[in-house]
Amino acid sequence: MKCVIETRKLNKYYGKGTDHEVHALKNIDLKIKEGSFVSIMGPSGSGKTTLLDVIGCLLRPSSGDLWIDGENTNNKTDKELAKIRGKKIGFVFQQYNLIPGFSALENVEIALRINGKNKKQAREKARAVLNLLGLEKRIYHRPAQLSGGEQQRVAIARALANDPKIILADEPTGNLDTKTGEMITRLLRKINKEKNYTIVIVTHDPRIGKHADNIINIIDGKISKEGFYET
Ligand SMILES: Nc1ncnc2c1ncn2[C@@H]1O[C@H](COP(=O)(O)OP(=O)(O)OP(=O)(O)O)[C@@H](O)[C@H]1O
Ligand SMILES: [Mg+2]
C-alpha cells in the first residue's frame with residue numbers, strides 16, 4: 001500500500017549550537033499509509049507537536065528526509081512547500097485558530113480563496129463542507145457565538161475544504177469535555193473512512209488511541225513503540 005507520509009532519519013534541533021539547544025526529534029523513521037488513522041502519543045515535551053509541524057511542512061527538519069505523497073520535500077523552496085501544504089494538508093489545532101471577526105462561513109471560505117477558488121466556488125464549497133459537519137444552522141455565527149465543539153467542527157470544515165489527502169490534528173479534543181471530544185473523534189474517524197483521508201492525531205487521550213489503526217509513541221524525541229493500542 002502507498003505511503004503518503006514517510007520520514008527517514010529526521011532530526012530537529014531548536015537553538016542549535018546555543019547553550020539552550022534542544023534535540024526535539026531524534027532519527028525519526030516513519031511510514032504512514034494512505035487512508036490510515038494514526039495517533040501520536042507521548043508525554044508533554046516529548047516532541048509530538050514538533051513532529052506534526054515537520055510532517056505538515058510548517059517547520060523544516062534540521063536533517064533527514066520527508067516525503068509527502070511520494071515527493072521529497074528537502075530541496076523545495078518555501079513557496080513550493082507552502083503549495084504542497086495548501087493542496088495536500090489540512091490542519092486542526094487544539095485552540096481552533098479561527099478568525100474571530102469572521103463568520104463560520106467566512107472562516108472556511110478564506111481557506112478556499114487562498115488556494116485559488118473564486119468567490120462563488122468558495123462560497124458553495126464552504127457551505128457544502130459546513131453542511132457535512134452538521135453546521136448548516138450556524139454558518140453566520142462568529143466563533144465567540146459557537147460552542148467549543150462547534151468551533152472545532154468549523155476548524156475541521158476549514159481543514160477539509162480543499163480536499164487534502166492528509167489531515168493533521170494537534171490535540172483536537174484537548175479543550176473539549178469528554179462527550180464532545182468523543183463526538184469530534186468519531187467525526188474524524190468517519191471522514192477518514194468515507195473519504196479515505198489520512199489522519200494523524202496528536203493526543204493524550206487513550207480513548208482516541210482506541211480508534212486508531214496505529215499508534216506512534218514518542219518519548220524524549222524518539223519513537224519508543226509503534227503498534228496497535230493495547231489495554
Ligand atoms: N520554538 C521552540 N524553541 C525552543 N524549544 C522548543 C520550541 N518548541 C518546542 N521546544 C522544545 O522541544 C521539545 C518538544 O516540544 P513539543 O512542543 O514538540 O512537545 P509536545 O510533545 O508537543 O508537548 P505537549 O504534550 O506539552 O504539547 C520540548 O522540550 C520543548 O521545550
Ligand atoms: Mg504539543
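Q: Which residues in H3 are buried?
A: In this predicted model, the buried residues of H3 are Ala104, Leu105, Asn107, Val108, Glu109, Ala111 and Leu112. The word applies because 20 or more other C-beta atoms lie within 10 Å of the C-beta atom of a buried residue.

Q: What do the buried residues of H3 pack against?
A: They pack against helix H4, residues 119-132, and against H5.

Q: How are two packed helices described?
A: They are described by the angle between their axes and the distance between the axes.

Q: Why is H3 called roughly parallel to H5?
A: The axes of H3 (residues 104-114) and H5 (residues 148-160) come within 8 Å and cross at roughly 25°. Angles under 35 degrees count as roughly parallel, so H3 is roughly parallel to H5. The crossing of these two helices is right-handed.

Q: What makes the contact between H3 and H5, and how many of its residues are nonpolar, polar or charged?
A: H3 contributes Ala104, Asn107, Val108 and Ala111, while H5 contributes Val154, Ala157 and Arg158. Sorted by class, this contact has five nonpolar residues, one polar residue and one charged residue.

Q: Which residues of H3 and H4 meet?
A: From H3 come Ala104, Leu105, Val108, Glu109, Leu112 and Arg113; they meet Gln121, Ala122, Arg123, Lys125, Ala126, Arg127, Val129 and Leu130 of H4. The classes in this contact are eight nonpolar, one polar and five charged residues.

Q: What follows H3?
A: Glycine 116 follows H3, and its phi is positive, near 95°.

Q: Why does the radius of gyration of the protein agree with that of a compact globule?
A: A compact globule of 231 residues would have a radius of gyration near 17 Å, and the protein has 17 Å, so the two agree. The C-alpha atoms fill a box of roughly 50 × 45 × 40 Å along the principal axes.

Q: How many helices and strands does the protein have?
A: The protein has seven helices and 10 strands. Of its 231 residues, 39% are buried.

Key:
Residues numbered from 1 in each chain as written. Chains lettered and ligands numbered in written order. Predicted model: local features only at pLDDT ≥ 70, side-chain atom pairs only at ≥ 80, totals over all residues. Axes fitted to C-alpha atoms, helices over the stretch in contact; angles between N-to-C directions. Helix = DSSP H or I, 4+ residues; strand = E, 2+ residues; numbered from the N terminus. Parallel < 35°, antiparallel > 145°, perpendicular 65-115°, else oblique. Left-handed = near helix turned anticlockwise from the far one by under 90°. Contact = placed C-beta atoms within 7 Å. Nonpolar A, V, L, I, M, F, W, Y, C, P; charged D, E, K, R; others polar. Buried ≥ 20, exposed ≤ 12 C-beta atoms within 10 Å, placed from the backbone. Rg over C-alpha atoms; globule rule 2.2 N^0.38 Å.
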